Amino acid sequence: MGFYEQEISKIFRIIIKGIEQQRRTDTIAKILILTFNDDEEKAIEKVLSVLSDEIGLEAVKPVTSSVLSFPGLEIKLYQRRVLRDGEDVPLTRLEYGTLAYLASSPGRVFTQEQIFQAVWDMDSDSCHSSVVNVIYNLRKKIEADSRNPVYIKTLLGVGYKFDMQSSGG
């Protein structure tokens with residue numbers, strides 16, 4: 001194990017010792033959720049393999065893929081990148097969040113309120129124009145023809161969906 005892995009191992013041992021002490025006095029279960037980039041994840045996997053012999057750790061892997069691929073469009077979730085026909089598409093935080101939210105559940109219809117709450121992370125009675133503007137700008141960036149969208153469809157009076165059939169998925 002390298003220096004980086006040894007230092008992480010020390011930190012984990014301190015955390016684990018605290019969890020073990022708490023476990024003796026408290027029956028409430030604790031969950032530790034960690035996220036890492038690819039390099040950090042490899043180091044953590046090494047540390048966890050060494051520590052797994054010492055205590056029982058249950059790793060929970062995310063169900064979603066790190067890349068959402070559709071014909072002509074690729075969304076790299078861990079890198080927060082979008083590629084259209086292999087070219088990077090610069091998106092704002094709200095555009096990226098909206099696209100990732102819709103594309104993570106292809107075919108599912110979301111209301112403007114649902115999109116606003118999930119992406120903006122707040123409640124609002126006046127979310128209509130915000131969501132409409134972000135969808136409009138997003139379509140200009142990812143659709144070949146924003147007036148005839150292939151990926152993000154509008155269901156009048158209902159909301160929006162990421163359309164798998166039209167995108168060829």
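## Overall picture

Of the 169 residues in this protein, 29% count as buried, where buried means under 20% relative accessible area, exposed means over 50%, and partly exposed lies in between (1.4 Å probe, protein chains only). The model is predicted, so local features need pLDDT of at least 70 and side-chain atom pairs count only at pLDDT 80 or more, while totals for chains, interfaces and linings use all residues. Residues are numbered from 1 along each chain as its sequence is written, and side-chain values use heavy atoms, with hydrogens and water left out.

The protein exposes about 11,300 Å², and carbon and sulfur atoms supply 52% of that area (Shrake-Rupley method, 1.4 Å probe; for residues, only the protein chains shown count as cover). Among contacts with a separation of 6 or more, 47% are made by residues 24 or more positions apart; a contact means heavy atoms within 4.5 Å.

## Helices and strands

There are 6 helices and 7 strands, taken from DSSP runs (helices: H or I, at least four residues; strands: E, at least two) and numbered from the N terminus.

Two strands pair if DSSP finds at least two bridges between them. Strand 5 and strand 7 (residues 159-162) are joined in the antiparallel sense over 2 bridges, and Val109 stands opposite Lys161 in strand 7.

Ala100 is buried, with a relative accessible area of 11%. From Ala100 to Phe162 the C-alpha distance is 9.7 Å, although the two are 62 residues apart in sequence.

## The nonpolar core

In soluble globular proteins, nonpolar side chains tend to be buried together. The largest nonpolar core here has 26 residues, and Ile75, Ile142, Ile152 and Phe162 have the most contacts inside it. Such a core is a set of buried Ala, Val, Leu, Ile, Met, Phe, Trp, Tyr and Cys residues joined through side-chain atoms within 4.5 Å. At least two residues of this core come from each of strand 1 (67-70), strand 2 (73-76), helix 3, helix 4 (112-119), helix 5 (128-142) and strand 7.

Leaving aside residues up to four places away in sequence, Ile142 touches Leu73, Val82, Arg84, Val89, Leu99, Tyr151 and Ile152.
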